[in-house]
Amino acid sequence: MAHTVYCPTKLIFSDDAGLDLERELATLDPGPVMVITDAGILPTGILDRLMPALSAGGRPVEVFSDVPGNPGVTTVAAGLAAAQTIRPSALVALGGGSAIDVAKAVSVLLPHPGIGGVSGLRWEDLQAGRAKLSGARAPLIAMPTTAGTGSEVSHVAVIGAGDGFKRGVVHASLFPSAAIVDARLALSLPPKLTGATGMDALVHAIEAFLGRRANPSMDLLAVGAMRAIAGSLPGAVADGADLAARREMAQAAAWAGMAMDQAGLGLCHALCGPLSAHHEVHHGLGNAVLLPAVLAFNAPAVSPGRWAALRDALGLPVDAGPDALAGWAGAFIGGLGLPTRLRDMGLDGATFPAIAAEATRMAMIGNNVRAAGEAECLAVLEAAL
Ligand SMILES: [Fe+2]
């Protein structure tokens, strides 16, 4: 089938993030480097260890660490204001998807100086479709410290809008210039976050593989990611110092990120967006807890050819059918120590009608392998309760 693969990010699978960071920065103009990260990274010591690479050659280093778990447009505005003061020649995003997405936003807003040095472009205007990106951007090096979001290889930035709902902006200039994927950066990630972010990557791979825009090139990445995650996520959760498992997960998250970026997502992410907006649920955790019910809904639409590859990648028995998917997912997620029901997270279903209605307006629902309207979304949420 005809399809285009476009991933211009220089993707470096690294065994020494500091060395590769120094090499990448050396190719860029001299001048300050601005690190965008979250406060949780500071006590891990990761930033301290990278500081010699960041400051090599006497380059000034400024750190913006005010990225919260679910960043909104105010965080982007604050990061942009800091960047306009620093005028960095490069941005380095260090963290999970939140830090990387904020850095992406700053990188494309920065080259649009308006009156008085204030950016002539606002992120909320891009989210609302009132403005368009020109393609100009500041160089951005993404360094993921979780193995999950795939933001390091995607051309979307998902930021909370003024109404609290996350909205994605998609543009080729949002591909990071480079991504340095080093599993050692995730060694200090606690088990719950390792499990939740890893499940996000697994859902990316499954939704890309089953989706309507699936294509042979992304199938390779999605199947490889599913196999690696099914095999290594339990080990990475059980023993965070297991570097082999961490490395498998770091690679798989990038593969799954490319697959979801180029082949699309599905019902699980369509439901998770409004779920997170209503209940402040972690993105990976929300996807994990929704996955069994989504797979049960999708099972009748999984073709025999797709099923054989999916079954083998996830390690299900050869005689299992697609209706076994939901049970497998529930057991896998429970084995990671994560909640498997929405009620385990304190939900009672009161917001389900609103979440179902909002999910139907999410773009990715159109890529789901089985058509889902408001009634189907509501039924899946109730099944997940
Ligand atoms: Fe995701």
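**View 1. His204 in helix α6.** His204 is placed in helix α6, where helices are DSSP runs of H or I with at least four residues, strands are DSSP runs of E with at least two, and both are numbered from the N terminus. The model is a predicted one, in which local features need pLDDT of at least 70 and side-chain atom pairs count only at pLDDT 80 or more, while totals for chains, interfaces and linings use all residues. Residues are numbered from 1 along each chain as its sequence is written. His204 counts as buried because 35 C-beta neighbours lie inside 10 Å; a residue is buried if 20 or more other C-beta atoms lie within 10 Å of its own, exposed if 12 or fewer, and partly exposed in between, with C-beta atoms placed from the backbone. When its neighbours within four places in sequence are left aside, His204 is in contact with Gly150, Ala256, Gly257, Ala259, Met260 and Leu265, a contact being a pair of residues whose C-beta atoms, placed from the backbone, lie within 7 Å. Between His204 and Ala222, which are 18 residues apart in sequence, the C-alpha to C-alpha separation is 8.0 Å.

**View 2. Ala205 in helix α6.** Ala205 belongs to helix α6, which covers residues 191-210, and is buried, with 33 other C-beta atoms within 10 Å. Not counting residues up to four places away in sequence, Ala205 touches Ala222, Ala225, Met226, Ile229, Ala256 and Ala259. Glu152, by sequence 53 residues from Ala205, is 15 Å from it in space, C-alpha to C-alpha.

**View 3. Ala225 in helix α7.** Ala225 is part of helix α7 and is buried, having 31 other C-beta atoms within 10 Å. Its contacts, not counting residues up to four places away in sequence, are with Ala201, Ala205, Ala252, Trp255, Ala256 and Ala259. Ala225 and Ala253 stand 28 residues apart in sequence, yet their C-alpha atoms are 6.9 Å apart in space.

**View 4. The largest nonpolar core.** This core has 134 residues, and those with the most contacts inside it are Ala205, Ala225, Ala259 and Leu271; a nonpolar core is a set of buried Ala, Val, Leu, Ile, Met, Phe, Trp, Tyr and Cys residues joined through C-beta atoms within 7 Å. Helix α8 (residues 243-263) supplies the largest share of this core, twelve residues. At least three residues of the core come from each of domain 1 (10-185) and domain 2 (189-384), the domain bounds being taken from an automatic or database domain assignment.

**View 5. The packing of helices α7 and α11.** Helix α7 (residues 216-238) packs against helix α11 (residues 304-314) at an angle of about 30°, and their axes are 7 Å apart; axes are lines fitted to C-alpha atoms, for helices over the stretch in contact, and angles run from 0 to 180 degrees between N-to-C directions. The two helices, α7 and α11, are therefore roughly parallel to each other, given that angles under 35 degrees count as roughly parallel, over 145 as roughly antiparallel, 65 to 115 as roughly perpendicular and the rest as oblique. Val223, Met226, Arg227 and Ala230 of α7 make the contact with Ala309, Ala313 and Leu314 of α11. By class, this contact of α7 with α11 consists of six nonpolar, no polar and one charged residues, where Ala, Val, Leu, Ile, Met, Phe, Trp, Tyr, Cys and Pro count as nonpolar, Asp, Glu, Lys and Arg as charged, and the others, Gly among them, as polar.

**View 6. The contact between domain 1 and domain 2.** The protein is divided into domain 1 (10-185) and domain 2 (189-384), whose C-alpha centres lie 26 Å apart. Across the contact, 21 residues of domain 1 meet 25 residues of domain 2. On the side of domain 1 that touches domain 2, the residues divide into eight nonpolar, eleven polar and two charged.

**View 7. Loop residues Arg87 and Glu280.** Arg87 is found in the loop between α3 (73-86) and β4 (90-95), and its phi is near 50°, a positive value in a residue other than glycine. With 13 other C-beta atoms within 10 Å, Arg87 is partly exposed. Glu280, in the loop between α9 (267-279) and α10 (283-298), has a phi near 55°, which is likewise a positive value in a residue other than glycine. Glu280 is exposed, with 11 other C-beta atoms within 10 Å.

Methods. Two residues are in contact if their C-beta atoms, placed from the backbone, lie within 7 Å.
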